[in-house]
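Dear colleague,

Please find the structure below, together with its sequence.

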Amino acid sequence: MTKGLFSVVVALYGVENYVDTFLTSLERQTFPFEDLDIIVVDDASIDGSYDKVKKWSEKYPGIIRHTTKSNGGPASARNIGIGMAKNQWITFSDPDDALQEKYFENVENFIKRDTGEMASILTTRVMIWQEKTGKISDNHPLARKYFFGDRLVDLDQDPHNIQLGGATIFMRRSIIDKHQLRFDERIRPTFEDGEFIGRFMSYLERPVVGLVSSARYLYRKRGDGSSLVQSGWGHPERYDEVLRYGYLGLFKGLQERLGHVPVWAQNMVLYDIQWYLSEDKKMNSSTAWLSNDQRALLLKLLQETFSYIERDTIDRYNVTPWSWITREAILAYYKGQGLKVQRAYLWSKEGTSPTRIVYTYRGVAPTELFMVNGTITAPSQTKSVIHAYYGENFMVERSVWLTTSDRPTVLLNNEFVRFESPKRPGWGRPVLSGDLALTPAEAAKLATAQTAPSSTLNKRVATVSNKLRHADVIRAKLANRVAIDRLVHGGNAAQATLNVGKRVVVRKVAQVQSKVQKHADKATLAWANSAAMRAKYENAWVVMDRVDKADDNGEHLYRYLMKNRPDINAWFLLQRSSQDWTRLANEGFRLVEYGSREAVALSLAAQFQISSDATHGVQYPLDEKRFGSSPAKIIFLQHGVIKDDLSRWLNGKNLAMFVTSTKPEYESIAGDYSPYKFTSKETKLTGLPRFDALLEKRGTRDRIDRNVVVIMPTWRQALRDDMNEAGSLEQKKSIFQESQFGENWMGLLNDPRLKVIAESNNLDLVFIPHPAMSDLINVIDFPEHIRVFDSSQRSLQDELAKSAMTITDYSSIAFDAAFVGSPVLYFQFDSEAIFSGSHSYRKGYFNYETAGFGPTLKSIDEVVKNIDSLSDSGFIGAEIYQERAKNAFAFIDSNNCERVVQSIQDL
């Protein structure tokens, strides 16, 4: 049966480093290699990919056939390959991937078991191959459909078992030929496979798909992110052609041929659309570069696409786990969810107080009426959060809190609103019977045919049989891992066996170590929960900045507690290896070592976890898997004043309190119709704890002693990524110096006019590098008149207290400078790129032109001239900027720590 069964169509382009591995994986198949029909279509590769294929073809003439064409994309190459194919089933493997050894053998076995020839399309299981680490994992978003083993499914009955990737499909060539099916070459860089598969399915009398769970396809996730799937967000076509010819082309074709768009096709498009929404929701989104016109076109095409997708399909979508926000946003924006389709959600545990009610809407806010036991009840608190995608407000999420534990009644615009659960049904276990049942595998047939003369003997035989089967399974798994290792690492069988053996030993050692660790953790927990340790840390306030560093709001708040509130059981958490440990210990700080046994006891008894950082390891210093959860409420002191939109980062954090400093900052977070989920209950207008010491230090400096020019730029996401790819410090240095960032900032530091101004005015020019530059400091040639800041020797606060002026680009350090009256210059040579989304910047409420504390400058020349002008005025900033600073801050005093402490106690 093997001969004439499979044709493998390969679209080749730019895979010189990968194609040998791919063809080797075909060569090593347990399926007869000579029976494969391998067709390679070169899409005008500009590297040595095609030359390698031709060498393989010389080795296997007649098995590997090839041709070349002008560049037109993978769809055009596959179309030529389809015309060359001669076997019953066609698959479209990608040449940067690999196939496990039994791939074709297992697909063949599946075809044999489908005796009724129900399936005309087969799909295989995708395993993610991380090129950087060599790790293979079974975590593809569509992996769930394979968890039930090899089976046949009818997509009309089970529309969530969708397939979008062409590399892991097998299609009957007879159907392709009968309907002259080809890939739509206009669809790029993605979804051309999905559209082709959907169109193919529409020609079947019954959309039955064979899920070949036993056939594993190794999808290489490239380390450099250069594949079309990984880099596709940077292609303009993804926001136009993919929707125009992909989604809409598929839907219109189905509507014409079938008279409707099947739910499985709607699910295919919904699956693909979800990535557009999730990508735009990221803090550092790859979609941020789009122009307003491109965003408008995308939203328009999505609007037309959703006209073919039924509301119930969206509401019941369970192909992949969707966030509640994603589902509601789509329904609200595209299907009139909200005031037209009214429903609400009880977001608090029933029977507890307060009761939180959530509903969504678009447009004009509805009138609200809440009743408890027949009595109108006013909300104790409300919050309206805007959810936006691609610059468009999709919906408002409205939260209302009622001081009751009883179930309320909700009326919006005087209409009753029912409560629904935000959860949606998951996947049920499939019924593998009826005309979709596969015939048993050969092993199963043999096992079924065997009988035993007695029940006792039968049990003994079964026990031995089970052990043998278990041993066979282990041997098969190890053989499979050896085969994969040979592909991934390119070694021989002996070396691959050794590699697998080492990993098995490492895992076994890790298991033993885990048992030892669990025993030690049990003892630690018993000690931490002892009466003595509970008494020592009862209701403790755990204060910290970063895991390895202090000198921020946490340190300043703790110092205030130590001096003014000895009644509060406060402790400072820090790594013992930190450069700040000895300094704080000498000052009398009650230090606890981060990650220590003592820290476990502290966290388990703590009342508050207080920090200036919002990373997980800071806010959750206790390893919950090992020691359980800390009861402490999390207090976020902040690292600086928030001016950009950080909602995508902060909304996922469980903050009991959130410190702010300026009125606009507070309103942007706690106010209604902001992107933040936080209310006035969590958000407090107190000022930053470090402002107290900063103002005090500033007051001790005579104006003549304020001679420091603070130069502190932020970093650049793209530059960080480029430098991470560099192999040496010299390469990093070269990348830095040639970047727009390096050219401008180093150009300013090296400007001879700056040196003259500094010498004439006795100025101390201090450059404060971003932490990402730390390993470059010793290899970059800074001019002699520039002092590079060293945090191990000095405090940033001391520099600001002595500052004559501050130069930055987008850093919130400008707020600290403005707080103490230091003039500010914003050197924004790349503002257009930054504000268009190439940086981690997402525009918030703050406008540099109308609210900034100094002028925004584009060139080195402008910066130098402004420095010179300020030096002539004795470094007194323009009155307009002084007024802005005065009006921005809620408090310019030394009571910030006191207000923070009081707000925490009010919790």
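The chain's secondary structure amounts to 35 helices and 31 strands, taken as DSSP runs numbered from the N terminus (helices H or I, at least four residues; strands E, at least two). Its radius of gyration of 32 Å, over C-alpha atoms, is close to the 29 Å that the globule rule (2.2 Å times the number of residues to the power 0.38) gives for 907 residues, so the chain is as compact as a globular protein of that length.

This is a predicted model, in which local features need pLDDT of at least 70 and side-chain atom pairs pLDDT 80 or more, while totals for chains, interfaces and linings use all residues. Residues are numbered from 1 along each chain as its sequence is written, and side-chain values use heavy atoms, without hydrogens and water.

Buried residues (under 20% relative accessible area, 1.4 Å probe, protein chains only) make up 52% of the 907 residues.

There are 2 cavities of 30 Å³ or more. A cavity is a set of points on a 1 Å grid over the protein atoms alone where a 1.4 Å probe fits but cannot get out; lining residues have an atom within 4 Å of a point. Points are joined across faces, edges and corners, and a volume is the space filled by probe spheres set on them.

The largest cavity has a volume of about 50 Å³. Its lining includes Ile121, Leu155, Met201 and Trp264; strand S6 (121-130), helix H6 (192-202) and helix H9 (263-281) each give two or more residues to it.

The second largest cavity holds about 40 Å³, and Lys349, Glu350, Asp406 and Arg407 are among its lining residues.

Yours sincerely

Terms used. On a 1 Å grid over the protein atoms alone, a cavity is a set of points where a 1.4 Å probe fits but cannot get out, and a pocket is an open set with protein on both sides within 12 Å along at least five of seven lines; lining residues have an atom within 4 Å of a point. Buried means under 20% relative accessible area, exposed over 50%, partly exposed in between (1.4 Å probe, protein chains only).
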